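This report describes selected helix packing and side-chain contacts in a predicted model. Please consult the sequence and structure shown below.

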Amino acid sequence: MSAVGVSGALTELREALLPVRLPLPLPDAADRARLAGDIRHQLDDYILPRLADIEAPVLAVVGGSTGAGKSTIVNTLIGRVVSTPGVIRPTTRSPVLVHHPDDAHWFDTERILPGLIRSRVSSGDAKSLQLVAEPTLPRGLALLDAPDVDSVVASNRRLAAQLLQAADLWLFTTSAARYADAVPWDFLHSAVDRHAAVAVVLNRVPPGAMSQVPAHLGQLMTERGLAEAPLFAVPETPPDAEGLLPDAAVAPIRTWLATLAADQASRQRVVLQTLDGAIGAVASRAPLIAAALDEQSEALDRLRSDADRSFAEAVRAIGVQSADGTLLRGEVLSRWHEFVGTGDVMRALDEKVSWLRDRVWGSIKGTPPEAKHVGVAVEAGLEALVRDEADAAAERAEAAWQATPAGREVLRRLAASGIDLARVSPEFPAQAARAIRDWQGDVMELVAGEGMGKRSRARFLALGVNGASVALMVAVFAHTGGLTGAEVGIAGGSSVIAQRLLESVFGDEAIRRLAERAKSDLDARISGLLAAELARYDDALTGLAPDGSVAGRIRRAASLVEEARISGYASPTAIEGPASGALEASGGTRVNQVTAAADADVVEAELVDRAQPERRAEDRR
């Protein structure tokens, strides 16, 4: 695949990463969100620009620990002060990029590091990139002095990481006192993971420790995957009045860089090594973000499932308790007995003619008040049941959410907005009461429609619409599975009375049909009522769910990037093994040899000559 194809796949990956949001505090969410941002920055700051301009100068970023002497090293390599060091930490506050004048066009535009403002003067602004043209620097090479990777200022640390990710070559600088610190090694591990081209400068080595400290650092580098990286040891020596070290102290570094810059094939191998490593890291790490998106969706699904189960249980419990005789207790049972007058009714049922005659007269005069009392009691009992079960469902759902980090975060956000999901909504009691009254009204219409079409119309009129309705409600509620002891007999007798009353009017088949329709209608209303309450939990999760297509797009784009990487790039010098050979051939040495150190005697001799600026200038030339 050509470089255009690689760029297309990487651009697709960048676009897929743009909508990534990981709002739930899952274990790796914060790290994965940062990774998504890091990959986008890596693509914008380095990979895509470098793919577009393979022939651009090698950018060597000088980065490292606080007080490692990075700016001093850069200034000494150049031979004049181009990056101002300081004694107050942090020292380097804004990056300084030094380049040959003929290479200015590569850096004047936002080809790389598009988020930084170009400037030709020092500003001290971390958002500014100071460009310094230096004719003594070889063409094809640029040096960038970066802020401290362990700066006390967070923005400096972020900028240092961004600049190192934009490097073709890391010239990682540390000191004899701090080379074992954790933070620098984190960055070096990152370089190993990316297969980036790295050279290490060990600065400020006491002359008496030149045979021990560099060797120990070299051993550490070998153990940590940097055996092929050159290591340069710079002896500790006081700077001159300009803050520069003796030329001999950095001569091995200068020679190595100059040799690298002069050899186009070596430069390109270094560029391609770091570029390929960066692309490989992007392709391998992007699926981690897709997995994090999946985890967010799964966490949200679990929260929805917890709420669904809680309210489904409430619907089930109400459905059972409104059919197993549970409601035929207390006030409902008492009012029903007042209405039917159990003994009188049973005798009247055995003497249907006189019973109906008496009831017809009663219906003409009006509905017995006891029927209304039964209806009110049914309404109150059913409403209490619904409210109790809804409250229990809300408590269960809230407790389940509190048991997970994702749920706690959602509840925290809602609490900040004054929303409490541990209880039903303030409107729910009124909604429940209205739903039950509506159901009772539908039962009356159902009974009236059935009764007026019967040949036993006289019996229906004798019982009355209200009477028939409450009898049907009692029949619906009177399956006695939920009652115990004496209650079973009482409720069972009540059920028999209601059943016989209704059968005398509608017949056996019709009463079964009416009871089923009334129960089905009640269940549907309860289900709808609680579904509206459950919607509050769904609303709480609205906007948190990632676009379901994003994870798939990221995986697909990452796969395309890897395929393109394996196919190679549209450069005549496609990657042929690691570029460390280019680093070694250009004058550096491998860590396990550790010989790229300044000669202490030469450095000492140069200290004597510091009063002769003309000779120093000639030596630099």
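At what angle do helix H8 and H9 pack, and how far apart are their axes? In this predicted model, H8 (residues 247–262) packs against H9 at an angle of about 100 degrees, and the two axes lie 5 Å apart. H8 is therefore roughly perpendicular to H9, since angles of 65 to 115 degrees fall in that class. From H8, the contact involves Leu-260, Ala-261 and Ala-262, while H9 contributes Gln-264, Ser-266, Arg-267 and Val-270. By type, these residues comprise 4 nonpolar, 2 polar and 1 charged.

H8 also packs with helix H3 (residues 70–78). That pair, too, is roughly perpendicular. On the H3 side, Ile-73, Thr-76 and Leu-77 meet Asp-247, Val-250, Ile-253, Arg-254 and Leu-257 of H8. This contact divides into 5 nonpolar, 1 polar and 2 charged residues.

The geometry of the two pairs is set out here.

| Helix pair | Packing angle | Axis separation |
|---|---|---|
| H8 and H9 | about 100 degrees | 5 Å |
| H3 and H8 | about 75 degrees | 9 Å |

Helix H9 spans residues 264–321, a run of 58 residues. Its first and last C-alpha atoms are 85 Å apart, close to the 86 Å expected at 1.5 Å a residue. At the start of H9, a side-chain oxygen of Asp-263 comes within 3.1 Å of the backbone nitrogen of Ala-265.

Asp-148 counts as buried because its relative accessibility is 0%, under the 20% cut-off. The side chain of Asp-148 is joined to that of Thr-66 by a polar contact of 3.3 Å.

Definitions and conventions. Residues numbered from 1 in each chain as written. Predicted model: local features only at pLDDT ≥ 70, side-chain atom pairs only at ≥ 80, totals over all residues. Heavy atoms only, no water. Helix = DSSP H or I, 4+ residues; strand = E, 2+ residues; numbered from the N terminus. Expected span 1.5 Å × (residues − 1). Polar contact = N/O pair within 3.5 Å; in protein donor to acceptor, adjacent residues only side chain to side chain. Axes fitted to C-alpha atoms, helices over the stretch in contact; angles between N-to-C directions. Parallel < 35°, antiparallel > 145°, perpendicular 65-115°, else oblique. Contact = heavy atoms within 4.5 Å. Nonpolar A, V, L, I, M, F, W, Y, C, P; charged D, E, K, R; others polar. Buried < 20%, exposed > 50% of the residue type's maximum accessible area, 1.4 Å probe, protein only.
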